[in-house]
Amino acid sequence: MSKVLLKYIPEEAIPLVSSWFKEYQFHLRITKSRTSKFGDFRPAFKGKPNRISVNGDLNKYHFLITLTHEAAHAACWEKFKGKVLPHGVEWQNIYSQLLKEVIGLVSFPENLLMALKRHLNKPKASSCSDPNLYKAIKLYDEVENDHIYLDSLNFGELFTVNGKKVFRKGEKRRSRYECEEINSKRLYLVSGHAE
């Protein structure tokens, strides 16, 4: 398994991640790219072990952070057997502890390290729910990243997400922007760090 992991995570993290397989009893499946999620946890069911899936197209840092997130779900399941909220205080504490261990072993680039340390204070349900962390992670994608984030556009500018529908940027509502889809005139709330 270590040889397989070497393709997906920084080498320094392999001993720690390998110990999670034994401690939290999960099977890892590396999947094709999914736009709806980066990773997933499924508890043991009908004789099958806990299962974690992580998108195989993530950069090494993103894969490791996502795997840590999902391993925290496995650890939380082993400890509480589903009696706590999936991203509740118990999960946040376990995730923070696992992430601190990862930070102690891996030589992260300085900007990503700072974003991870801020992320530790109040972990979100997903790395893409934390705009600072998400943007720091995306800098290390192997594909040249020439994307522009919605929060850098001016009010009223037109944009498209995934080259499909065209939107007009509107007012900010807490953490998302109210954007009008041009053809239908429907309003959507779009994250400021949408590419």
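Start with what Asn 55 touches. Leaving out residues up to four places away in sequence, Asn 55 is in contact, meaning heavy atoms within 4.5 Å, with Thr 31, Lys 32, Ser 33, Arg 34, Lys 37, Phe 38 and Phe 63. This is a predicted model, where local features need pLDDT of at least 70, side-chain atom pairs count only at pLDDT 80 or more, and totals for chains, interfaces and linings use all residues. Residues are numbered from 1 along each chain as its sequence is written, and side-chain values use heavy atoms, with hydrogens and water left out.

Asn 55 sits in strand β3, residues 50–55. Strands are DSSP runs of E with at least two residues, helices are runs of H or I with at least four, and both are numbered from the N terminus. Asn 55 counts as buried because its relative accessibility is 1%. The cut-offs are under 20% relative accessible area for buried, over 50% for exposed, and partly exposed in between, with a 1.4 Å probe and protein chains only. The side chains of Asn 55 and Thr 31 also make a polar contact of 3.2 Å. That term is a pair of N or O atoms within 3.5 Å; within protein, one must be able to donate a hydrogen and the other to accept it, and residues adjacent in sequence count only if both atoms are side-chain atoms.

Next, the helices. In helix α2, residues 14–24, the buried residues are Ile 14, Leu 16, Val 17, Ser 18, Trp 20, Phe 21 and Tyr 24. Their cover includes α1 (2–6), β1 (26–31), β3, α3 and α4. After α2 comes Gln 25, with a positive phi near 50 degrees.

How does α2 lie against α3? The angle is about 25 degrees, with the axes 10 Å apart, and α2 and α3 are therefore roughly parallel. Axes are lines fitted to C-alpha atoms, for helices over the stretch in contact, and angles run from 0 to 180 degrees between N-to-C directions. Under 35 degrees counts as roughly parallel, over 145 as roughly antiparallel, 65 to 115 as roughly perpendicular, and the rest as oblique. On the α2 side, the contact is made by Val 17, Trp 20 and Tyr 24; α3 contributes residues including Leu 64, Leu 67 and Glu 78.

The axes of α3 (residues 60–80) and α4 (residues 89–105) come within 9 Å and cross at roughly 135 degrees. The pair is therefore oblique. Residues making this contact include Leu 64, His 69 and Phe 80 of α3, and Trp 91, Tyr 95 and Val 102 of α4.

Now α5 (residues 110–121) and α6 (residues 131–138). They pack at about 155 degrees, axes 9 Å apart, and are therefore roughly antiparallel. Among the residues in contact are Leu 112, Ala 115 and Leu 116 of α5, and Leu 133, Ala 136 and Ile 137 of α6.

Last, the loop between α5 and α6, where Ala 125 lies. Is Ala 125 buried or partly exposed? Ala 125 counts as partly exposed because its relative accessibility is 38%. Not counting residues up to four places away in sequence, Ala 125 touches His 69 and His 87. The C-alpha atoms of Ala 125 and Ser 36 are separated by 13 Å, and the two residues are 89 residues apart along the chain.
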